[in-house]
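Here is a friendly walk through the structure shown below.

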Amino acid sequence: MSIEDVKDRIVEVMIRDLELALNPDEVYGTSRLDELFGMDSIAITELIIGIEKEFNIRIPAEDLSVEIFQNLETLTEYVKKLLHDEATMYIEGQDKT
Amino acid sequence: MTTSDRFSSLRDIGILFYLVPFRMAASFLPTGAIRFFGLLMGHVYSALAYRRKRRIQQRLRTALGNSTTNDEIMELSRRCLLNAVASHVDALILNRIGTQALLENGKVRGLEHLKNALLKGKGVFLVTGHFTGIKIACRFLHESGYPHLGIVKRHADDPGASWLENRYLSPYWSKVIDRTGHAPVFVEDKDVGLKIMKRVRENGIVIIFLDVPFSQHLLTRPFLGSEQSFPVGFLRIVYATGAAVVPMVGIGNSSAFNICFEEAVNLREAARKDEFIAKNFDILVKILESQILREPSHWLLI
């Protein structure tokens, strides 16, 4: 999955799960996620759950920090890295069997 | 704002006395002597704070209805003030009492409900109100291996308090009295949601005070005979994570207390988040109301 695909799906999750009255372009154009949520820190928790369901991943508790959720780019890079790590772990597991 | 609003009242002088000389004296005087002074201060406050007592009586009449006699209301309002002062005085000596000695002075009921809720592995929201024994309940949880996250307000904005109290006394109070040994989480923090989520993810406990509107997300409900706003942001996290909600009440002081954990709330399912919040919030408000009505003189926000 390309980084653009990951970003598109995150934007979809944001609009759908956070019930944002925005179109995708407006979300892409936002430099900071807290501006998007109107300083709503609880919305980030809903976004986490939405992303986990969308990508079938689990964001570990120790990774839950403001840095990851600064903007769309940092979040996309983090999810992409998590997907890559999980895929690598899966392949390594298959090799062992 | 008038001068009297800014540097108000006897109440401010009382709080200042409590926070500085009395707090210092409480660090070395015998605990029995401090309790005695606390009782004395309670009686003085009860005699002087007639406006507050009158407000409490009105609130009690509205909440309890006609089933309670005037004499009972008067006695309850007097006890409300005495218990409030006793609770604040007790906060000064609580940390001087060893855990074992403290636990011998009270009862803890329903801990199995908290344990069962934690067994689900999805974190627990302990919901409660500002009862007299809440500091003891927090200490009990901490010492019993149930570390919890408490959320406090950085900036006090109680409309019933003076400028002096909101601007200086309440923050100082939080800093020197309410310290729990770890960094508090403030409702104004940008990452408060993430911190709550992290604790829930670790299958930890988050304490929610249902009786103060410390949230960007509020719902108004009838409560004790009038309308009141309540925080509901945490229910959005409950909806998203499946965390359990356990009601808790802590009343009394370090010489005699009672902590009760109730059975986890049987949350109603709903297809939509708003519906889930509305349905379950009504249940929680009723639980809080019944807790207060059982012990009205131990609720500090009356």
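## Two crossing helices in chain A

In this predicted model, the axes of helix 1 (residues 3–17) of chain A and helix 4 (residues 41–55) of chain A come within 9 Å and cross at roughly 130°. Angles over 145 degrees would count as roughly antiparallel and 65 to 115 as roughly perpendicular, so helix 1 of chain A and helix 4 of chain A are oblique to each other. The crossing of helix 1 of chain A past helix 4 of chain A is right-handed.

Which residues make this contact? Helix 1 of chain A brings Arg9(A), Ile10(A), Val13(A), Met14(A) and Asp17(A), while helix 4 of chain A brings Glu46(A), Leu47(A), Gly50(A), Ile51(A) and Glu54(A). By class, the residues of this contact between helix 1 and helix 4 of chain A are five nonpolar, one polar and four charged.

## Where the chains meet

Turning to the contact between chains, 17 residues of chain B are in contact with 14 residues of chain A. On the side of chain B that touches chain A, helix 10 and helix 11 (233–241) of chain B each supply at least two residues. Helix 10 of chain B gives the largest share of that side, seven residues. The side of chain B that touches chain A has six nonpolar, five polar and six charged residues.

## The sheet of chain B

Chain B holds an open sheet of seven strands, in the order 1-9-8-2-5-3-4 and with mixed pairing. Its edge strands are strand 1 (106–109) and strand 4 (185–186) of chain B, each of which pairs on one side only. Helix 10 (residues 192–201) of chain B packs on this sheet, where it touches strand 3 (148–152), strand 4 and strand 5 (205–209) of chain B. The direction of helix 10 makes about 160° with that of strand 3 of chain B.

Within the sheet, strand 2 (residues 124–128) and strand 8 (residues 244–253) of chain B pair in the parallel sense over four bridges. Leu126(B) stands opposite Val246(B) of strand 8 of chain B.

## Strand 9 and its neighbours

How does strand 9 (residues 256–261) of chain B pair with strand 8 of chain B, parallel or antiparallel? The pairing of strand 8 and strand 9 of chain B is antiparallel, over six bridges, and the two strands form a hairpin with two residues between them. Gly250(B) has Ile259(B) of strand 9 of chain B as its bridge partner. Strand 1 of chain B, by contrast, pairs with strand 9 of chain B in the parallel sense over four bridges, and Gly106(B) stands opposite Phe257(B) of strand 9.

In a regular strand, side chains alternate between the two faces of the sheet. In strand 9 of chain B, the covered face has Phe257(B), Ile259(B) and Phe261(B), and the uncovered face has Ala256(B), Asn258(B) and Cys260(B).

## A closer look at Lys53(B)

Lys53(B) lies in helix 4 (residues 50–64) of chain B.

Leaving aside residues up to four places away in sequence, Lys53(B) touches Ser77(B) and Leu81(B). Lys53(B) and Ile302(B) are 249 residues apart in sequence, with their C-alpha atoms 9.9 Å apart in space.

Note on methods: Residues are numbered from 1 along each chain as its sequence is written. Chains are lettered from A and ligands numbered from 1 in the order in which they are written. This is a predicted model: local features need pLDDT of at least 70, side-chain atom pairs count only at pLDDT 80 or more; totals for chains, interfaces and linings use all residues. Two strands pair if DSSP finds at least two bridges between them. Two residues are in contact if their C-beta atoms, placed from the backbone, lie within 7 Å. Axes are lines fitted to C-alpha atoms, for helices over the stretch in contact, and angles run from 0 to 180 degrees between N-to-C directions. Angles under 35 degrees count as roughly parallel, over 145 as roughly antiparallel, 65 to 115 as roughly perpendicular and the rest as oblique. A crossing is left-handed if the near helix is turned anticlockwise from the far one by less than a right angle, and right-handed if clockwise. Ala, Val, Leu, Ile, Met, Phe, Trp, Tyr, Cys and Pro count as nonpolar, Asp, Glu, Lys and Arg as charged, and the others, Gly among them, as polar. A residue is buried if 20 or more other C-beta atoms lie within 10 Å of its own, exposed if 12 or fewer, and partly exposed in between; C-beta atoms are placed from the backbone.
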